[in-house]
Amino acid sequence: MGAPLIVQGLSISAGANTLVDNLSFSVQPGEVLALIGESGSGKTTTALALMGYARHGCRISAGRVQIGDTDVLVLDAPRQRALRGRTVSYIAQSAAASFNPSRTIMDQVIEPTVIHGLCKRAEAEARAVQLFRELALPDPETIGDRYPHQVSGGQLQRLMAAMALIGDPELVILDEPTTALDVTTQIEVLRAFRRVVRDRRATAVYVSHDLAVVAQMADHILVLRDGKMRELNATGQILSAPEDDYTKCLLAAARPVPRASAKAANDDPELLLHVQQLSAGYGPVDAQGRPATPILQDIDLKLHRGQAIGVIGESGSGKTTLARAVAGLIKPSHGSVLFRGHELKPTLQQRDRDELRRIQIVFQMADTALNPSQTIERILARPLQFYKGLRGEPLKRRIRELLDLVKLPQTVAGRLPGGLSGGQKQRVNLARALAADPDLILCDEVTSALDTVVAAAVLELLAELRRELGVSYLFISHDLHTVRAVCDEIVVMQHGRKLAQVARRDYERGPHHPYYELLARSVPELRQGWLDDMDRTAAGAT
Amino acid sequence: METTTPATVVSATASLAAALPDRRSGPLRWLAGFGPSGLLGLAVLLFWLLAALLGPWLLSHGTAATGTSNVFAPISAAHWLGTDYLGRDMLALIIEGARYTIGVALLATVLASGTGITLALLAAASGRWIDAVLSRGLDTLTAIPSKMFALIMVAGFGSSVPMLVVTAGIIYVPGAYRMARSLAVNINALDYVTVARTRGEGTLYIMLREILPNILGPMLADLGLRFVYVVLLLASLSFLGLGIQPPAADWGSLVRENIGALAMGGASVIVPALAIASLTIAVNLVIDNLPGRTARERGAR
Amino acid sequence: SAHAQTPKKGGRIRVAGATAAATDTLDPAKQSNQTDYSRCNMIYNGLTSLDGSLTPQPALAESFTTKDAKTWVFTLRKGVTFHDGKALSPADVVFSVMRHRDPATASKAKVLADQIDSAKATGPNEVTFVLSAPNADLPVILGTSHFQIVKEGTTDFNAGIGTGPYKLKEFKPGVRSLMVRNDAYWKPGKPYLDEIEFVGIGDETARVNALLSGGMDLVGSVNPRSVERVKGTPGFGIFVTQSGQYSDLVMRKDVGPGANPDFVLGMKYLFDREQMKKTIALDYAVVGNDQPIDPTNRFHFAGLPQRPFDLDKAKFHLQKSGVTGKVPMVASPAALYSVEMALLLQQTAQRAGLEIDIKRMPADGYWSNHWLNSQVGFGNVNPRPSADVLLTQFFQSGAAWNESRWKSEKFDQLLLASRAETDLAKRKQMYADMQTMIHQDAGIGIPLFLASIDGHTSKLKGLAPIPLGGLMGYNFAENVWLEA
Amino acid sequence: MNHVILKLLGQRIALALLSLLAVSVIVFSITAVLPGDAAQEQLGQDATPEAVAALRAQMGLDVPAPQRYAKWLLGMVKGDPGLSATTQMPVAELVASRLPNSLLLAAVTALFSVPIALALGIASAVWRGSWFDRAVSTTAVGVVSVPEFLVATLAVLVFAVKLRWLPALSFVNDIESIGQMLRAFAMPVMVLCCVIVAQMMRMTRAAVIDQLEAPYIEMVRLKGASPIRMVLAHALPNAVGPIANAVALSLSYLLGGVIIVETIFNYPGIAKLMVDGVSQRDMPLVQTCAMIFCCAYLILVTTADICGIVANPRLRHR
Ligand SMILES: Nc1ncnc2c1ncn2[C@@H]1O[C@H](COP(=O)(O)OP(=O)(O)OP(=O)(O)O)[C@@H](O)[C@H]1O
Ligand SMILES: Nc1ncnc2c1ncn2[C@@H]1O[C@H](COP(=O)(O)OP(=O)(O)OP(=O)(O)O)[C@@H](O)[C@H]1O
Ligand SMILES: [Mg+2]
Ligand SMILES: [Mg+2]
C-alpha cells in the first residue's frame with residue numbers, strides 16, 4: 001500500500017551551482033508521477049533526493065520531503081538507512097551497472113530484507129521467486145543463482161524491480177528503467193512494471209525523457225528543465241494541450257516528420273554500394289576462413305547513389321559490424337563489397353586513398369569520436385590536408401564553409417571538443433565526414449546519444465545535406481521511428497542476418513516479415529492507453 | 001536548441017585531458033587548482049630545481065677549495081649546515097648534490113617514460129604480435145629485481161653518470177610501458193582513432209597525433225611517481241657503493257658517507273636525508289594535487 | 001696492562017670480522033681476508049708464529065736451524081695431535097708446505113712456496129727444507145697463515161681438522177662459524193674461552209652497532225670515525241694495531257706522466273701528510289715517507305729525512321715535467337682510504353696548478369682490472385711478515401707486483417744480498433739503502449701507514465698488537481679471556 | 001571455473017619458461033661482459049697470470065662462455081644448478097642454506113604488512129578526504145620518501161644501541177622460541193613494512209575507491225546498507241583483482257629487493273648471496289638466484305591473477 005509523497009521547495013546544489021531549484025509537488029498513494037526532461041535537467045538528482053540522498057559533491061540545500069508521516073530530510077544516518085530499501089526503493093537507470101558483478105542475483109535481490117531484517121532468508125527467497133514469476137522472468141526458480149552477466153539487460157531491469165519491491169515499499173522510484181533496452185524488451189518491462197505498481201498500489205515516481213513511454217505509465221507529468229519545474233499536469237492534459245513552450249518543443253520533437261529524399265532510389269541507376277553474401281566476425285579465423293565468433297552471415301544489400309538505407313535491429317544484431325565490414329575495419333570471411341562497380345579490398349591497408357575518402361564513417365558517441373586534445377579546426381583540417389592537400393587560405397575557407405554547412409558558428413573552430421554540447425559535437429563529426437567529399441556516409445547510431453530535441457535537429461541536417469550534396473547514407477539505428485523518418489529503404493537485421501528489406505512506400509503497407517512487424521508494433525506511441533491496447537491485442541491474439 | 005553535455009562525458013573527457021593545463025584558462029588559474037598542499041609541494045620542488053640550476057653560481061667557493069680538518073663540524077656561521085666526514089662544507093655539497101640527484105633522476109625518468117610511452121604507443125597502435133612481444137619482453141625485465149639489475153649493470157659497465165641514467169632508465173621502462181599501454185589501448189579503441197584509421201592514416205600519425213596527446217596527462221602523474229622511485233633507487237645504489245662516484249656526490253651518497261654521524265645527530269647526515277625526503281614528498285604532493293585530479297575523483301560516478 | 005692480570009678460563013664470545021661471503025674458506029692456502037685468517041688461526045697452527053715484533057717463535061716446530069740460510073731443519077714438537085686424535089707427523093708438514101707449489105691448489109702463497117725446492121721428513125720429528133737460494137727469513141714465511149699445517153692428504157677442508165686451540169663445531173660460509181675449546185691443545189693453559197662464535201658483518205656501521213648494542217664482544221675493522229662513539233659508550237673500548245699497511249699512489253714509470261721523474265717528485269711533494277693523517281685517518285696512522293718499511297718494523301730507517309708538504313717545490317717540479325691537462329687518477333674503496341686521499345690530493349694539486357680527474361672504481365674487479373694497469377692510481381699493501389717479503393714482492397725489478405715498474409739493478413743486488421745476510425747490523429744498513437732508493441726514485445708515494453682498529457667490550461682482556469693486522473694479527477682467539 | 005584457471009596456468013607456465021630462459025640469457029650476457037672473472041676476483045691482489053690460469057681451470061672457466069651457459073642450462077633442466085664457481089660447492093646447497101631464511105623473512109613481513117596495508121587502504125578509501133585519510137597518506141608518503149637504509153640505521157640506533165630492546169643483528173641461528181624470533185625479526189620487518197606498506201596501501205585505496213564510485217555501490221547504499229556492509233560485502237570482492245596484483249608486486253620485492261636490509265641486519269638471505277655472487281663473478285650462483293627471483297615473481301603474479309579470476313564470476317564462469 002502506498003504512502004503519499006509531498007515535496008516542498010526542494011533545492012539541490014553542487015558547490016555554487018543549483019542543480020534543482022525550488023521544486024514542489026505531491027503524489028497520492030497508488031498514483032504515478034512522471035519526471036520528464038532532457039538529459040542533465042536534474043531528474044535523477046531529484047529522484048535521489050526523495051530518499052534523502054545526494055551524490056558526492058551535491059547537497060540538498062533546502063526543502064522538505066515527506067513520505068507518509070516521515071520527514072525524510074531531517075533523519076539521521078541510521079534512520080535514513082532504515083528508510084531506504086524499505087519505505088522507499090529505487091530502480092536505477094542502468095540495471096547492468098547497478099548490480100554487483102561478483103555476487104549472485106538472489107543475494108542482491110533479497111539483500112534489502114537481510115539489511116532490514118524483514119524475514120528469514122528462505123522466506124525472502126520464496127518471495128523473490130514469486131516476484132520473478134510476477135515479472136515474467138524465465139526460470140524463476142533458478143535465475144537467482146546466476147550472476148548479473150549471465151542474464152540479459154531486460155531481465156536485469158526486471159530483477160532490479162524485484163529487488164526494489166521485495167521489501168514492499170510505500171514509494172517506488174523508477175529512474176529511466178527502460179532506456180538501455182530494445183523496444184521489444186522495453187515493452188515487456190513496461191508491462192511488468194505497470195502491473196506490479198497497479199497490483200500493489202504503490203506510490204511511484206517515474207523518471208524518463210521519453211514522452212511516449214511516460215504516456216503509458218504516469219497519471220501526472222512534471223516537466224523539468226535546468227532543474228526548474230516547467231509544467232505539472234495530468235498526463236492527458238500535457239499530451240493534448242501543453243502550456244509551456246518547452247513542453248511543446250518536446251512534444252514536437254517526439255513525432256519525427258518524414259524527410260523524403262530529393263530523388264527516389266530508381267531515378268539514378270548508378271549502383272553505389274553492393275554488398276554480396278557478406279559474412280564476417282571477430283576473433284582468429286580457422287582453416288576454413290571462418291572467424292571464431294561469426295556475426296554477419298550472407299548479407300546482401302544494394303545502395304544507389306543519393307539513397308539512404310536504414311539498418312535496424314536489436315542490440316547485438318550486427319549492425320555496427322556491417323558498417324565496420326564495409327569500412328574495411330574488419331575483414332569479411334566470405335562475400336564481397338562492390339563500390340561503384342569495383343570490388344573493395346577487404347582491409348583498410350589495401351584500399352587506396354581515394355576509396356577511403358569516398359566512404360566515411362560517423363559514430364554514435366560524438367564524444368569518443370572527436371579527439372579531445374585537438375581543436376575543432378584541426379579536426380576538420382586533417383581530412384582536407386590528408387586527401388586534398390589543402391593548406392593556407394583555401395584550407396581556412398573550406399573549414400569555414402564546412403562549419404556553415406553544419407550550421408555551427410565560426411567561433412567553435414578554436415575550441416576543444418570538451419567545450420561543445422552533444423549536438424554540436426555530432427555536427428562536427430558530420431562536418432569531418434563531409435570534409436572528405438564522400439559518396440557514402442556510414443552513420444552508426446548518430447542520434448541515439450542525443451535527446452529528442454537535438455536529435456531531431458541533427459536528422460534535419462542530414463536530410464538537408466543529402467538533398468543538397470547528394471551523398472548517400474547507410475543509416476544504422478535501433479529506433480524505427482528515426483529510420484523511417486530518414487530512409488528510403490529499411491533493412492531489418494536479427495542475429496547477424498538480414499531478415500527483410502522494406503521500401504518507403506511499403507512502410508505502412510503489409511504484410512512484412514513478422515520481426516519487422518514486431519519492431520513496428522513495439523515502438524511506443526505518443527498517446528495514453530497505447531500499452532493497454534497492446535495488451536488487449538496480445539490477449540486477443542492468444 | 002543545444003543541451004548541456006551529460007556529466008559522465010564531462011568527467012570522461014576531463015580524465016583524458018587531466019593534468020594538462022586547460023588551454024583557455026591562464027596559468028594562474030591552473031596554479032590555483034593545486035590547493036595549498038599542492039602549492040607547498042610545488043614551491044619545494046621549484047626551490048630544489050633552482051638550487052640545481054643556479055646553485056654553483058650562488059656558491060662563492062667551490063667544494064674542492066674547502067676540505068679542512070674540521071670533520072663533522074656542527075652548524076655554524078662559517079658552515080651553515082656543518083661539514084662532512086672530510087671537513088667539506090655541507091651546504092655546498094647539498095647544492096651540488098641537487099644537480100646529481102635531480103639531474104640523474106630526471107634524465108632517467110624521462111628516458112624510462114619516453115621509451116615506455118614510445119613502445120606502448122607502438123604496441124597499442126600496431127597490435128597483435130608486436131604488442132605481445134613487447135609486453136612479454138618487458139614483463140621479463142620486471143622479473144629481475146631492480147637492485148640486482150643495477151648491481152650487475154654497474155659491475156659490468158662502471159658507475160658513470162650516463163650509465164646510472166641508462167640503468168635506472170631501463171629498470172623503469174616496463175612500469176612506464178605498462179601504464180602507458182593500458183591507457184593507449186583504451187584510447188586506441190575509441191572511435192576517433194578508428195576514424196583516423198578509416199581515413200588511411202599511418203601508424204606513426206595515430207601514435208603521435210591521436211593517442212599521445214591523450215595519455216600525456218596521466219603519464220605526467222606517473223612520471224612524477226617514477227621520479228621518486230629513481231631518487232630512492234639512486235640512494236640505495238649509493239648505499240651499496242654503486243651510485244654517483246666521488247668527488248661528485250648525490251644526496252644518497254652524502255647520507256651514506258656521513259652515516260657515521262647519525263649517532264651523534266650530525267647535520268651532515270640529516271640534511272641530505274631531509275633533502276631527499278623533501279624532494280620526494282614535494283613531488284608526491286604535486287602529483288596528488290594536480291588540478292583536475294580531485295575534480296575527476298569527485299565527478300566520477 | 002692486560003698482561004698483568006691473570007687470565008680466567010671459560011666463557012663465550014661473539015666476534016665479527018669485516019667480510020662475509022660464500023667464499024669464506026677453511027683451506028689455509030686459499031685464505032684471503034681478515035675473517036679467513038682469524039678463523040684458520042683458531043683451528044690451525046703454523047710451524048712458527050710471529051710475535052709483536054714479527055720475530056718468528058717456535059710453534060709446531062720446537063726449533064729450527066740453518067747453516068747457510070739455504071738448508072733448514074725444523075724439529076717438530078712432540079705429543080701434538082690433530083682434533084681427530086691423529087698425531088702430528090713430518091708427512092703432514094711436508095704435505096702442508098709443498099701443496100702450495102701445485103698450481104691446482106691455487107694457493108695464494110705459491111710465489112713464496114716456489115723458493116722451497118724440497119721438503120723431506122729427515123727423522124721421526126724432523127723436516128728438512130732446501131731452498132733454491134738462501135733466505136734468512138724462511139721461519140718468518142712459514143709463520144704466516146697460509147703455511148698452517150693440515151693433515152696429510154686433506155682435500156675437503158670444511159671439516160676444519162687442525163692442531164689449533166679451537167675445534168670446529170659449525171661452519172656456514174658467509175654466515176657464521178662456531179668453535180669450541182680444544183681441551184687437548186698443546187699450549188699449556190690455553191685457550192681460555194669455552195666457545196667462540198665468529199661472524200662476518202660487511203657493513204661497518206652495522207658492525208659497530210652490533211658491538212654497542214651488546215650483540216658482539218669483539219669487532220674488527222672499525223672506522224676511525226666510529227672510535228669516538230665506541231669510546232664514549234661505557235663498557236666498550238678500542239684496540240689499535242699500528243702496522244705496516246699502507247695505501248700508495250702509484251705512478252707508472254713506463255707509461256703516462258709518471259715516466260717523467262719530475263712529475264713523480266712533484267706529486268710526492270703534494271701530499272699534505274699531516275692533514276691526511278688528521279682528516280682521513282683521524283690520527284689512527286703514522287706519517288709515511290714514500291718508502292714501504294713502517295716504524296714497527298725492525299728494519300725501518302728512521303734516519304731518512306721526512307719529505308714535507310711543499311707546494312712551491314711541487315709546483316716547480318710539476319712545471320718542469322711539462323705535464324698539462326687533466327691527469328686521470330684511479331682510486332677505489334678497494335684500496336683503503338684511496339678515494340679520500342685522492343680527494344685531498346685533488347685539492348692541493350689544484351693549488352699547485354694541476355688538474356686531477358679522479359676516477360673512482362668499484363671495489364669489484366679493482367685488483368684485476370685497474371691496479372697495476374692504471375697509469376696513475378692507488379694500490380694498497382697489507383702488512384707483510386718481513387721486509388724481505390715486502391721488497392721482493394713489490395719492488396724487485398722483475399716482481400709481478402712492481403706497481404710503478406721501477407727498475408734498478410743496484411736495488412735487486414742489494415735485495416739478494418740482504419736476504420742471505422745473517423749479520424743483523426749489516427742487514428739493517430742494506431735495508432736503509434734500499435729504503436732511500438725507493439724514497440727517491442720509485443714511482444710510489446706512501447703518505448701514511450695505517451692502523452687497524454678493533455672495538456671490544458671492556459670485559460674482553462688479553463689483546464696485544466701484532467703488526468700483521470687487526471684482531472692481534474688475526475690471532476686473538478688463543479690469547480683473549482673474559483673478565484668475570 | 002577450473003578450466004579457465006587451468007588454461008591460464010598452462011599459458012603462464014609456458015610463458016614462465018620462456019621468461020626464465022630470457023632472464024637467464026640476459027643475466028648471462030650481462031655478466032659475461034663483466035670485467036674480471038671468478039678466478040681473478042678470488043685471487044684479488046694475488047692474481048698472477050699462472051695462479052689465475054690454474055684457478056680458472058679448477059673452476060671450469062677455461063671453456064668458452066656459450067658452452068658454459070649450455071652446460072648450466074642443461075643441468076638446470078635436469079634440476080641441478082651445478083657447482084658454484086668460487087667455492088666449488090653445489091649451488092643447490094648454497095641456495096638451500098639461504099632460501100629458507102629469505103622465505104621466512106618474507107613470510108613474516110607479509111604477515112604483518114599485508115593486513116596493515118589492506119586495513120589502512122580500505123579505511124582511508126571509506127573515509128576518503130577525511131583527516132584520517134590525509135594523515136595516513138601523508139605518513140605513507142613520508143615513510144617511503146626516506147631511503148630505507150636510513151630508516152634501518154635509525155631503527156638500529158634507537159632500538160638496539162640506545163634502548164637495547166632489540167638485537168642489532170638478526171641471527172636466524174639462535175632462534176629457539178617465537179619470542180626470540182619476534183625480537184630478531186622486529187627491526188627488519190619494521191623496515192621492510194615501511195618500504196612496502198605504503199605502496200600496497202595506495203593501490204588498495206585506489207582500487208576500493210574505484211569500486212565505491214561504481215553505480216552498484218550507490219544502489220547498495222540506496223538499499224539502506226551500512227557503510228561496513230557496503231565495503232566488505234560489495235566493494236572489496238570486486239577490488240580483489242587489483243589489490244592482489246599490488247600485493248604480489250610488493251611481495252616480489254621481499255626476495256630480491258632486500259639487499260639493504262640483509263646487509264644492515266646481517267641477515268643471511270638469498271639477496272646477499274646473489275650480491276656476493278655478482279662481486280665474485282660466480283655465474284652459476286648468480287644465474288640460479290636470478291632464476292629464483294624470477295620464479296618467485298612469476299608465481300606471485302600468477303597467484304594474483306588467479307585470485308582475480310576466482311573473485312570475478314564473469315571470468316570464473318566462462
Ligand atoms: N556529483 C555531482 N556533482 C556536481 N554536479 C552533478 C553531480 N551529479 C550530477 N551533476 C549535475 O547535475 C545535473 C543534473 O544531473 P542528473 O543526473 O540529475 O540529470 P538527469 O536529468 O538525470 O540526466 P540524464 O537524463 O542524463 O540521466 C547535471 O547538470 C549534472 O552535470
Ligand atoms: N571486437 C569484438 N569481438 C568479439 N565480438 C564482438 C566484437 N564486437 C562486437 N562483437 C559482438 O558482435 C555482435 C554484434 O555486434 P554489433 O556491434 O555489430 O551489434 P549492433 O547491432 O551494432 O548492436 P548495438 O545496437 O548494441 O550497437 C555482438 O554480439 C557483439 O557482442
Ligand atoms: Mg538520470
Ligand atoms: Mg552498434
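The following legends describe close-up views of two ligand sites in a predicted model. Local features require pLDDT of at least 70 and side-chain atom pairs pLDDT 80 or more, while totals for chains, interfaces and linings use all residues. Residues are numbered from 1 along each chain as its sequence is written, chains are lettered from A and ligands numbered from 1 in the order in which they are written, and side-chain values use heavy atoms, without hydrogens and water.

**View 1. Residues around ligand 1.** Ligand 1 is surrounded by 17 residues (a heavy atom within 4 Å). The closest are A:Ser39, A:Gly40, A:Thr44, A:Thr45 and A:His56. Because the surrounding residues come from chains A and B, the site is shared between chains. Helix α1 (residues 43-49) of chain A supplies the largest share of the shell, three residues.

**View 2. Polar atoms at ligand 1.** Oxygen atoms of ligand 1 lie 2.4 Å from a side-chain N or O atom of A:Thr45 and 2.5 Å from one of A:Thr44. A polar backbone atom of A:Ser41 is 3.2 Å from an oxygen atom of the ligand. The protein buries 79% of the 630 Å² that ligand 1 exposes when taken alone (Shrake-Rupley method, 1.4 Å probe).

**View 3. Surroundings of ligand 2.** The residues around ligand 2 include A:Tyr282, A:Ile295 and A:Glu445. Helix α12 (residues 319-327) of chain A gives the largest share of this shell, three residues. An oxygen atom of ligand 2 is 2.5 Å from a side-chain N or O atom of A:Thr320, and a distance of 2.8 Å separates a ligand oxygen from such an atom of A:Lys319. Of the 630 Å² exposed by ligand 2 taken alone, the protein buries 57%.

How values were computed. A polar contact is a pair of N or O atoms within 3.5 Å; within protein, one must be able to donate a hydrogen and the other to accept it, and residues adjacent in sequence count only if both atoms are side-chain atoms. Helices (H or I, at least four residues) and strands (E, at least two) are DSSP runs, numbered from the N terminus.
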